[in-house]
Amino acid sequence: MTHSQESDETLASATEQESTPEQATAVEVDSTTAAEAPAPTPARSPSPAAFAARPKAPAAAATPSPVAPAAVAPAVDLAEAAKFGRAEDDGHVFLLLDGEEFPVGQYPGASKEEALTYFVRKFDDIIAQVALLEQRVEAKAPTTDMNKTVTHLREQLGERTSVGDVNAALARLTALEDSIKALGLAERASHDAARAVELASREAIVAEAEGIAAEDPTAIQWKVSSARMNELFEAWKLAQKSGMRLGRATEEGLWKRFRSARTVFDRHRRAYFSQLDNNNAAAKTAKESLIEAAEALAASTDWGFAAGEYRRLMDQWKASPRASRKDDDALWARFRGAQDKFFAARQEANNALDEEFGANLIVKEALIAEAEALLPIKDLNATKKTLQNIRDRWEEAGKVPRNDMQRVEAGLRKVEDAVRSADEDNWRRSDPEAKARTSSALSQLEATIAGLKEDLEKAQKAGDARKVAKAEEALAARELWLEQIQKAAADFS
């Protein structure tokens with residue numbers, strides 16, 4: 001260890017009590033180096049033996065350098081620090097508190113400003129911890145160790161080993177205690193609320209499990225209910241693993257209820273499936289007879305009849321009781337295999353017919369185009385004759401592929417509907433009875449209008465304004481009716 005390193009360590013170990021004679025001697029030896037060292041960090045005081053064991057610096061080391069390094073400006077406001085402490089020439093520092101002085105320690109080998117600054121910085125360290133604690137309270141951090149921190153800071157201030165506004169710091173700690181207490185109450189309330197939510201969640205799991213266990217075994221959906229019971233069990237395990245603790249007695253009570261519900265449910269399920277096994281043999285016998293019937297139809301070429309029989313067999317299959325999953329899957333594969341064989345043969349036959357009917361499709365599409373050329377209708381009688389000729393050729397053309405049947409039928413039907421509508425309209429216009437009714441109504445209305453005109457003329461001559469207005473209103477209405485009937489009569493002409 002070099003002499004410079006020894007001096008740094010000596011300064012870093014500045015005591016908070018008065019130095020012993022041995023310490024003073026060691027500090028005097030290193031005083032020159034201390035002036036060049038940075039402000040030390042507080043550490044435990046070295047023993048006199050430790051100082052004595054270090055080699056003394058040569059006498060020349062006490063001689064100041066011709067050019068001394070510039071002093072580092074203190075990081076504290078010394079004028080403000082002077083309100084709460086003072087330092088003596090020998091490095092002793094005192095705290096001023098409530099009109100009294102308390103010795104806080106000694107920083108030998110340094111100026112009074114440096115000594116005071118050192119102990120002010122120690123106070124600043126305490127204040128920094130107070131500020132940090134205030135920030136934690138403001139951020140609503142957990143209060144687990146906050147009271148211990150307040151107690152520790154009070155003890156540090158009570159040791160009188162720093163210089164600063166102790167009363168203000170104590171006041172902040174008192175305020176912190178109140179805030180921590182309030183925060184603790186809020187934490188407790190939040191914890192109680194969270195515990196209530198967790199308890200309600202656990203009780204909901206148990207209640208649902210008990211509800212499932214209480215269902216009628218003959219009506220329950222075992223697959224759905226079993227899956228749900230497993231989900232509830234997984235939810236319970238997750239709550240036990242990561243949920244809030246509810247207390248041993250509470251958790252054990254809930255678990256006993258949950259376990260009992262699962263036990264009842266499992267007992268009912270075993271009894272149900274035991275009975276199901278008894279029905280399995282009868283179900284297999286019934287379905288095997290349906291398979292035999294399906295396999296007998298597989299080679300049929302009576303497509304319509306066989307397809308209807310397969311629909312009937314399928315209805316019977318659906319109404320039959322289920323066998324075990326393994327047996328039922330195997331039986332269904334045989335039944336479906338017979339169906340697939342029949343429908344594959346029918347599809348192959350239909351494909352052959354579609355290929356055969358392809359030429360018919362070309363003919364009917366040409367007939368549709370010919371029929372559409374008749375629209376709009378100009379000569380109804382000629383159009384009807386042409387359309388009948390198209391229909392005759394349509395029937396002669398024969399069938400078209402099934403996929404095109406609806407499309408081509410709709411194409412011809414469109415033209416047929418237009419001709420039918422025109423024919424009906426023509427009949428309506430030429431209906432003798434309707435024509436006579438219209439002519440009679442027209443004659444009656446014309447006579448009524450003539451009478452109303454006479455009444456209007458008489459009222460005007462008499463100067464009776466009320467009768468004039470009434471006659472004009474009635475005349476206007478009848479003239480409107482007349483216009484509508486005349487239009488209807490024109491349709492019959």
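Predicted model: local features only at pLDDT ≥ 70, side-chain atom pairs only at ≥ 80, totals over all residues.
Select strands E1, E2 and E3. They form an open sheet in the order E1-E2-E3, with antiparallel pairing. Strands of a sheet pair through backbone hydrogen bonds, either parallel or antiparallel. Colour E1 (85-87) and E3 (100-106): these strands stand at the edges, each with a single partner strand, so one side of each has no neighbour in the sheet. On average, neighbouring strands of this sheet are turned by 25° against each other, direction ignored.

Now keep E2 (residues 92-97) and E3 in view. The two run antiparallel and are joined by six bridges. Pick Leu97 to see one end of a pairing: its bridge partner in E3 is Glu100.

H6 lies across E1, E2 and E3, and runs at about 140° to E1.

**The helix pair**

Move on to helix H7 (residues 146-158) and helix H8 (residues 166-213). They pack at an angle of about 165°, and their axes are 10 Å apart. Angles over 145 degrees count as roughly antiparallel, and H7 and H8 are therefore roughly antiparallel to each other. The crossing of H7 past H8 is left-handed.

Show side chains for the contact. From H7, select Met146, Asn147, Val150, Leu153, Arg154 and Leu157. From H8, select Val166, Ala169, Leu170, Leu173, Thr174, Glu177, Ile180 and Leu183. Coloured by type, the residues of this contact divide into ten nonpolar, two polar and two charged.

Note on methods: Residues numbered from 1 in each chain as written. Heavy atoms only, no water. Axes fitted to C-alpha atoms, helices over the stretch in contact; angles between N-to-C directions. Helix = DSSP H or I, 4+ residues; strand = E, 2+ residues; numbered from the N terminus. Parallel < 35°, antiparallel > 145°, perpendicular 65-115°, else oblique. Left-handed = near helix turned anticlockwise from the far one by under 90°. Contact = heavy atoms within 4.5 Å. Nonpolar A, V, L, I, M, F, W, Y, C, P; charged D, E, K, R; others polar. Pairing = 2+ DSSP bridges.
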